[in-house]
Amino acid sequence: MYEERLDKRQFDELRPIELETGVVPNANGSARFKIGGTEAIAAVYGPAEVKPKHLEKSDQGIIICKYDMMPFSVPDRAKPGIDRRDMEISLVISNALSRAIMLEEFPSSMISVYVYITQADAGTRCASLTAASMACADAGLPMRDLIAAVAVGKIGDSIVADLSKAEEDYEGGATDIPIAFLPSKDEIVLLQLDGEVSKDELKKAIELGRKEANKIYELEKAALKRRFTYESKD
Ligand code: ADP
């Protein structure tokens with residue numbers, strides 16, 4: 001039984017969020033997304049010439065993504081360098097972004113997305129996706145929609161939103177279900193499952209994920225509005 005959350009949040013309550021764009025002056029687009037103790041900074045370059053050349057596609061653009069956790073992002077120093085987990089997360093981010101960005105608009109070119117985790121307290125792939133899609137929007141890339149992502153999970157018999165690391169590790173480990181939406185299309189662009197759930201629980205988790213993603217989506221739209229309203233006053 002998991003009736004009260006470790007940090008006393010409601011089951012459908014997200015941790016406090018901060019979201020801003022234009023945080024990296026030297027990139028074409030950038031964003032910072034912080035949710036509780038997890039923070040992702042994303043920077044986008046391009047569209048640019050494809051390197052290495054053999055990756056080029058004549059009918060559409062390609063996306064490459066690099067995800068990395070800073071050594072100081074966790075209490076026990078994350079080992080510097082790219083490991084298998086970083087590679088997996090880089091891949092799922094670029095796959096999801098490929099669904100959001102209109103790649104057909106810039107054939108034979110490449111978009112590079114770099115995501116750095118400065119603080120990790122679970123849910124970093126979801127935070128990365130939200131930050132990366134905001135950075136792409138900030139770069140002015142044509143998009144079908146923004147991505148809003150959140151990890152939901154099962155702790156005991158309870159389905160909860162936005163697990164902290166302590167919740168992920170609670171009593172032998174929660175079931176972790178990171179999920180990402182293109183909210184206005186009601187399309188899922190990432191769904192992973194680490195643990196066990198029944199079909200009904202999975203449905204409930206997806207529903208909760210959709211509800212929470214919509215909250216993030218509203219914040220994303222507001223952050224972009226702030227950014228472009230501010231710019232137009234210059
Ligand atoms: P996600 O961050 O998307 O939830 P994981 O489930 O792989 O992805 O990781 C869960 C959490 O475990 C991370 O958010 C972070 O808090 C912690 N973690 C991951 N890798 C490390 C590491 N190398 N050292 C310490 N903590 C880590």
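The model is predicted: local features need pLDDT of at least 70, side-chain atom pairs count only at pLDDT 80 or more, and totals for chains, interfaces and linings use all residues. Residues are numbered from 1 along each chain as its sequence is written, and side-chain values use heavy atoms, with hydrogens and water left out.

**The shell**

Residues surrounding the ligand include Met69, Val74, Ala120, Asp121 and Asp176. A residue is near a molecule if one of its heavy atoms lies within 4 Å of it. By class, the shell holds 4 nonpolar, 2 polar and 6 charged residues. Ala, Val, Leu, Ile, Met, Phe, Trp, Tyr, Cys and Pro count as nonpolar; Asp, Glu, Lys and Arg count as charged; the others, Gly among them, count as polar.

| Residue | Part of the residue | Distance to a ligand oxygen atom |
|---|---|---|
| Arg85 | side-chain N or O atom | 2.6 Å |
| Gly123 | backbone N or O atom | 2.9 Å |
| Lys165 | polar side-chain atom | 3.4 Å |

The protein covers 75% of the 540 Å² of accessible area that the ligand has on its own. Such areas come from the Shrake-Rupley method with a 1.4 Å probe.

**A strand residue**

Val160 belongs to strand E7 (residues 158–161). Strands are DSSP runs of E, at least two residues, numbered from the N terminus. Is Val160 buried or exposed? Val160 counts as buried because its relative accessibility is 0%. Buried means under 20% relative accessible area, exposed over 50%, partly exposed in between (1.4 Å probe, protein chains only). The C-alpha atoms of Val160 and Asp176 are 9.9 Å apart, with 16 residues separating the two along the chain.

Definitions and conventions. A polar contact is a pair of N or O atoms within 3.5 Å; within protein, one must be able to donate a hydrogen and the other to accept it, and residues adjacent in sequence count only if both atoms are side-chain atoms. Helices (H or I, at least four residues) and strands (E, at least two) are DSSP runs, numbered from the N terminus.
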